[in-house]
Structures are given as C-alpha cells and as structure tokens.
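This report walks through the packing of one protein chain, from its overall make-up to individual residues. Please keep the sequence and the structure in view while reading.

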Amino acid sequence: MKPIVEYKDYRQYMRDFFEERKRNSYFTWREFASLSGFVSPTYLKLVCDGKTRLSKPGIAKVSRAMGLEGFDCTYFALLVKFGNAKTDAEKESSLQELEREARMNKIRIVDADAIRYYESPMYPIVRELAPLMPGATFGEMASKIKTPATAVDVREVLQFLVRADLLRRREDGSYEQTQKAVKGSKESIPFAIRAMNRKMTELAVDSIAGDSTDKRHFSSVTMGIDGPTYERISREVDAFRKRIVSIANGCQKIDQVYQVNFQVFPLTDKIDVSEVKKGR
C-alpha cells in the first residue's frame, strides 16, 4: 500500500487495506468488521462504498484492526474528520490540522500547498506579477496590486511560492514561473477553488466601482433554459476559456495582470412545467 500521507480519502485507504489483505490471504468484509469489533458484518463495506460514515468511536477500532500506530493512527483520525466534514470551512480546518500534524513529523502534504495557493487572490496575483517586475522591492510590487497589500504580504507570498516551486528566484534576484501546475487531490481542491471564486467575484465588484470602462469589460445575460442547454453552454464556456488562455499565452509584452471570471448560475429554483400546467 501507499504511505497513508498520500491519501486524502479515508474510505479509499480502508478499501486498499482490505484489498491488500484479500490478495495475501482469505479476507472478507465480515472478518474486517469482526476484527474491528463491529456486530454488523457489512458496516465497513457500507462505509467504504460511501453509504455511511465511520463513527468517532469506530476510528480507534478500525485503526487497531489495520495496525496503525503513532502518527499513522493520528493521521487516519484526521482523514476521517476531513472526509466527514459537511462544510467547506470544516474541510479547510481539517486539512490545516493534517498539515500541522505532518509538519510536526517533518512530512510534507502536497495538497496543503495547493490549498494555501487558493486561499487568497494574492498568491496567483503575485505569481503573475513578480516576473514582470525584475529588481522591484516588495513594497513596489505591493503598490501595483489593487487589493490592499503590504510589502510584508508580498514577501511572505513570494517566499511561499518559491518554497512550493511555483516561482523560481534567479541569481540576479528576479523571478520566473516554473511551469509547475498547482495540483491537489479531487477531495481537497474543489472547496478551495470555490473559496477562490468567491473572493475573485468580490474583486470584480470592486472593479465595477473603481475601474473605468475602458479598462474592464462586464456583460451578462438573463435567460430561461433547461438542463441539456445548460450543459451545452457550460461546454462552450470551457472551450472559450481555453481559447482565452491560448491568446494570453501568446502575449509578448505583458504589462498588467488581469482576472477573467466565467459564471453561469441559477437565479430561480427549477420549475416543474407539468405541475404548472395542472394549476398546482
């Protein structure tokens, strides 16, 4: 099996443990449950299938059954907390606990870098801005950022970006992007991107009030559509986004950092046309 720190889904870790034991000996879900001290022979299978959650009392039982000790046992408990979290705030808090525990044991969690990158617009802004200002001081960079930023903020962001290998500092003190994509697991990244989208939307509102129309472009349309039409529009937006990226990559004289937002979202609840026709 992979080291437990490479997992972000406790259910997948449990399933991999089960499959590993099953390959090496006769091992059933009933035996796994019995080994963990559960009466129900199907409980752990239901957990791994995502049909129920591992309870708090069950964490210690399953940990013992899987032979986890010390850091691995603590990490598994935090994985369960992360996996069972119901809100984005709870998930972020749980992931931060995982990062702290790993750092105390001198183990790096790659997802933590990705989560931190998405927690504030400052990270992508500075990543784009720094290569454009070779030789600039932290304060000079901060003065170019429209959202409030200090020299200390920029210094800390740059230190993180270099440590996370998202920027490289040349011998002359200038910065260049490493071409390394910001990646993380499918369990942790979605909620971080949602948080980033909210913050970027707030900056868009500020731009409406603070930037002249020749420096920003806003347009919108309100429309009635159905599910298949929404899917088609989403595909068109994705294709358009890729074309925008291609155009931006072809820019040879970059002199400013822009944000392009794409939003398609519902303004009403779904209407059951059949019920409307019946006059209900």
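Two residues are said to be in contact, or to touch, when heavy atoms of theirs lie within 4.5 Å. The model described here is predicted.

## Overall make-up

The secondary structure of the protein comes to 13 helices and 2 strands, and buried residues account for 32% of its 280 residues. When contacts between residues at least 6 apart in sequence are considered, 56% of them join residues that are at least 24 apart.

## Packing of H1 against H2

Helix H1, which covers residues 10–24, packs with helix H2, residues 29–36, at an angle of about 115°, and their axes are 11 Å apart. Because angles from 65 to 115 degrees count as roughly perpendicular, H1 and H2 are described as roughly perpendicular to each other. Their crossing is right-handed.

On the H1 side the contact is made by Met14, Arg15, Phe17, Phe18 and Arg21, while H2 contributes Trp29, Glu31, Phe32 and Leu35. Sorted by class, this contact of H1 with H2 has 6 nonpolar residues, 3 charged residues and no polar ones.

## The largest nonpolar core

The largest nonpolar core has 32 residues, and those touching the most other members are Met14, Phe32, Leu44, Leu54, Val62, Met66 and Phe76. At least two residues of this core come from each of H1, H2, helix H3 (43–48), helix H4 (56–65), helix H5 (70–84) and helix H6 (88–104). H5 gives the most to this core, with 7 residues.

Apart from its neighbours within four places in sequence, phenylalanine 76 is in contact with Ile4, Tyr10, Tyr13, Met14, Leu54, Ile59, Val62, Ser63, Met66 and Leu68. There is also a second, separate core of 23 residues, which includes Met133, Val157, Leu161 and Leu167.

Tyrosine 13 is placed in helix H1 and has a relative accessibility of 8%, so it counts as buried. Leaving out residues up to four places away in sequence, tyrosine 13 touches Met1, Lys2, Ile4, Tyr7, Met66, Leu68 and Phe76. Tyrosine 13 and cysteine 48 are separated by 35 residues in sequence, and the distance between them in space is 8.9 Å, C-alpha to C-alpha.

Serine 63 is found in helix H4, and with a relative accessibility of 1% serine 63 also counts as buried. With residues up to four places away in sequence again set aside, serine 63 touches Leu68, Cys73 and Phe76.

## Packing of H8 against H10

Helix H8 (residues 122–129) and helix H10 (residues 151–163) have axes 10 Å apart and pack at an angle of about 80°, and these two helices are therefore roughly perpendicular to each other. Met122, Tyr123, Val126 and Arg127 of H8 make the contact with Asp153, Val154, Val157, Leu158, Phe160 and Leu161 of H10. By class, the contact has 8 nonpolar and 2 charged residues, with no polar residues. Val157 and Leu161, listed in this contact, are also among the residues named for the second core.

Aspartate 165 is found in the loop between H10 and strand S1 (167–169). Although aspartate 165 is not a glycine, its phi is positive, at about 65°. Its relative accessible area is 35%, so aspartate 165 is partly exposed.

Methods. Residues are numbered from 1 along each chain as its sequence is written. This is a predicted model: local features need pLDDT of at least 70, side-chain atom pairs count only at pLDDT 80 or more; totals for chains, interfaces and linings use all residues. Side-chain values use heavy atoms; hydrogens and water are left out. Axes are lines fitted to C-alpha atoms, for helices over the stretch in contact, and angles run from 0 to 180 degrees between N-to-C directions. Helices (H or I, at least four residues) and strands (E, at least two) are DSSP runs, numbered from the N terminus. Angles under 35 degrees count as roughly parallel, over 145 as roughly antiparallel, 65 to 115 as roughly perpendicular and the rest as oblique. A crossing is left-handed if the near helix is turned anticlockwise from the far one by less than a right angle, and right-handed if clockwise. Ala, Val, Leu, Ile, Met, Phe, Trp, Tyr, Cys and Pro count as nonpolar, Asp, Glu, Lys and Arg as charged, and the others, Gly among them, as polar. A nonpolar core is a set of buried Ala, Val, Leu, Ile, Met, Phe, Trp, Tyr and Cys residues joined through side-chain atoms within 4.5 Å. Buried means under 20% relative accessible area, exposed over 50%, partly exposed in between (1.4 Å probe, protein chains only).
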